[in-house]
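This briefing goes with the sequence and structure shown below. Please keep the structure open while reading, and look up each residue as it comes up.

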Amino acid sequence: MKFTLFHLMPYAALDLKEAEKYPTAWLHTPNTLYDREAGADLYDRYLGELERGEDLGFDGIAVNEHHSTAYGMMPSPIVTASALARRTKNVTIAILGSALPLRDHPLTLAEEHAMIDTITRGRLITGMVRGIGAEYHVWGTNPAFSHERFHEAHDMIIQAWTKPGVTSWHGKHYNHEYVNVWPRPYQQPHPPIWIPSQGSKETIVWAAHPDRKYTYLQTFSPIKSVRKYLQQYRDQCEEYGYTATDHQLGWAVPIYVAETDEIARKEAKEHFETFRNKFLKMPIEMLLPPGYSSIESMKGVAKTKAQITGDITLELAADMGMFIVGSAETVRQQIEEHWKEMRMGHLLSMLQFGTLPADLTDKNMDLFANEVMPHLRALSADQEDTHMPGAQSATQAAE
Amino acid sequence: MAELETKTITVTGTEVACRRGGSGPVVLFLHGAGGAGTAVPFCTGLADSCDVILPDHPGFGASATPEWLDTIHDMAFFYLDFLEALDLWDVHVVGQSLGGWIALEAAVRATERIGRLTLVGAAGINLPDVKKGDLFMWDKETRYRNMIHDSALAEKLLAMPTTPEQDEIAIKNEFTTARLAWEPRFFDPHLYKWLHRITVPTQVVWGDDDPIFPLPYGEALAARIPGAQLHVIAACGHLPQIEHPAQMSGLITNFTQGGAS
């Protein structure tokens, strides 16, 4: 199994009492609650945590994109990935992902990802997402065209990366008389593409297609859903007439490791619950704006509204497999058990969440990297991995 | 009382559910974002004195959602096709909210078949200094409570049970509304420039307590459309057809019969 250290970079300095006045940490919570000194300290700390991921032996470090929220201070993962590019040497940098439909000019993404890929000499993973529903409220992009724009932007970026010379693009949402992106990606034909998702049949059918074989990453979901969607992906590959490798599948999950199960739960509780119930929570109208998902999937939403928007305790999240918490032994066992059922080649661990402070984050990272990771390395290790950068150069270096 | 009869007709290759009833001058009622539901009782009453046509817009209610429907302009051209397909002339177009915006977009393009225009709490323009309500951020309860001035009426309507079919149509209506009106939010930045092209008699009807498009929007439309007159309905939110149906009906029939705008 390969390990990626994932960070949301939350604004952990949020005045939680003041923030209670607002229904959600997204969009409505005014940036007057943001303190620039606290922000600067947090960026410094979080970038340091990601950089340390390389020293601790993670295969990758990962960032993502969210707008107008204390949930994550990364409106541009391009900036965070760029900041990491020159401070790291060998680790893969995964942007998970860039929200394609939010860009009115997505060729800029073809340029920016190619730049980071080149600066790192081929250490980039390009994640492509639609962005969560709230992004469409914040950014104004029409959710009814989210799927169309995602697919058109994707096709255009791939063309820019794979069709040499001066070309053009004429679509419904984007039109360019000239497509001629400099620089070209360092990795050829382009960086590996990963598709983080909360679970969607359409996304799975598309990502698993033999022309793409993109790594599908199930993010922060109850284990039941993770299992269901990863299996759906495997089944879809079989339907296409090929067998998915383990490295086409990934699972992103918050994890907390401590000396004992009891200590782990005690230390993580407040910070995890702040992450889930304050930073992540939003009204359903914001999470699922009209047109963002299909009418069919919206029909069930009203019934599960309370479940989606209600509070979740650490204990419940642990029971549901949305959060892995415990001693190194417990965490190892749980991941291994889940691996036996899902055989995911990639585990993306979020080791800082909510208000988890620096000292506990450091301890968590050390314990996870030293006492969990090494024991799980052998899982899926027999599988060829063409879904991480540098697979080729690593082999060459070994020779 | 005249009943409305629903027929499915095909216009621009699209099957639309179309209610029609009564006799007299033709009134085409273009419903708002919430669908034709709130307009049905109102139009049934109006059919006592008018030949009322109340279609479900393409993408709404029982009508099909056509591939070509992307913008409010597509909808405007559709209704110009609609007037031709039914060979309607001298039509009094009543447009409410989103339907008012459709009426405006159609009328700046061609008024050949439009005799009169009534705009009720119409979308379509933006006033930088007057904040609109964000319909997309409101859940069902908030919508009713915000849009209806009379809180007892709002609670009464909220307490009415809905069928799964109605719930599904509500989702469909909202999807199409987003398609047309998400960005820019319920307006076309270019429409304002061409409102002077609406030369048919026009009246603008507005609730004095409209939280989505506050009264200055009505005032601005009335000021910009040549000769248009503003009628403000007191103690009224965004939906005069359910809060003050008699008053709104009076304004429409009076205007239809050639009364001063």
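The structure is a predicted model. Its scores are an ipTM of 0.94 and a pTM of 0.95. Chain B has an average pLDDT of 96, and 98% of its residues score at least 70.

**Contact between chain A and chain B**

- Chain A puts 15 residues into the contact, and chain B puts in 14 residues.
- On the side of chain A that touches chain B, the elements that give two or more residues are helix 10 (284–287) and helix 11 (295–299) of chain A.
- Helix 11 of chain A gives the most to this side, with three residues.
- Sorted by class, the side of chain A that touches chain B holds eight nonpolar, five polar and two charged residues.

**Chain B as a whole**

- Chain B contains nine helices and eight strands.
- For 261 residues, a compact globule would have a radius of gyration near 18 Å; the value for chain B is 17 Å, which agrees.
- Along the principal axes, the C-alpha atoms of chain B fill a box of roughly 40 × 40 × 40 Å.
- Of the 261 residues in chain B, 49% count as buried.
- Among contacts in chain B with a separation of 6 or more, 74% are between residues 24 or more positions apart.

**Helix 2 of chain A**

- Helix 2 of chain A covers residues 36–55, which is 20 residues. At 1.5 Å a residue the helix should span 28 Å, and its end C-alpha atoms are 29 Å apart, which agrees.
- The buried residues in helix 2 of chain A are Tyr46(A), Glu49(A), Leu50(A), Gly53(A) and Glu54(A). These residues cover an arc of only 165° around the axis, so they sit on the same side of helix 2 of chain A.
- The buried residues of helix 2 of chain A pack against strand 1 (2–6), strand 2 (60–63), helix 3 (77–85) and helix 15 (358–376) of chain A.
- On the face turned away from the buried side, helix 2 of chain A carries the exposed residues Glu37(A), Ala40(A), Asp44(A) and Asp55(A).
- Gly57(A) follows helix 2 of chain A and has a positive phi, near 95°.

**Helix 14 of chain A**

- Helix 14 of chain A covers residues 328–342, which is 15 residues.
- In helix 14 of chain A, the buried residues are Val331(A), Arg332(A), Ile335(A), His338(A) and Met342(A). Viewed down the axis, the buried residues of helix 14 of chain A fall within an arc of 140°, so they line one face of the helix.
- The cover over the buried residues of helix 14 of chain A includes helix 8 (223–240), strand 9 (249–258), strand 10 (324–327), strand 11 (346–350) and helix 15 of chain A.
- Glu337(A), Lys340(A) and Glu341(A) are exposed, on the face of helix 14 of chain A turned away from its buried side.
- Arg343(A) comes after helix 14 of chain A, and its phi is positive, near 45°.

**Cis peptide bonds**

- Trp182(A) and Pro183(A) are joined by a cis peptide bond, with omega about -5°. Pro183(A) lies in the loop between strand 6 (175–179) and strand 7 (193–197) of chain A.
- Glu183(B) and Pro184(B) are joined by a cis peptide bond, with omega about -5°. Pro184(B) lies in the loop between helix 6 (164–181) and strand 7 (202–207) of chain B.

**Positive phi in loops**

- Met9(A) is not a glycine, yet its phi is positive, about 55°. Met9(A) lies in the loop between strand 1 and helix 1 (16–19) of chain A. Because 22 other C-beta atoms lie within 10 Å, Met9(A) is buried.
- Thr12(B), a residue other than glycine, has a positive phi near 50°. Thr12(B) lies in the loop between strand 1 (5–11) and strand 2 (14–21) of chain B. With 18 other C-beta atoms within 10 Å, Thr12(B) is partly exposed.

Conventions: Residues numbered from 1 in each chain as written. Chains lettered and ligands numbered in written order. Predicted model: local features only at pLDDT ≥ 70, side-chain atom pairs only at ≥ 80, totals over all residues. pLDDT = per-residue confidence, 0-100. Contact = placed C-beta atoms within 7 Å. Helix = DSSP H or I, 4+ residues; strand = E, 2+ residues; numbered from the N terminus. Nonpolar A, V, L, I, M, F, W, Y, C, P; charged D, E, K, R; others polar. Expected span 1.5 Å × (residues − 1). Buried ≥ 20, exposed ≤ 12 C-beta atoms within 10 Å, placed from the backbone. Arc of directions from axis to C-beta. Rg over C-alpha atoms; globule rule 2.2 N^0.38 Å.
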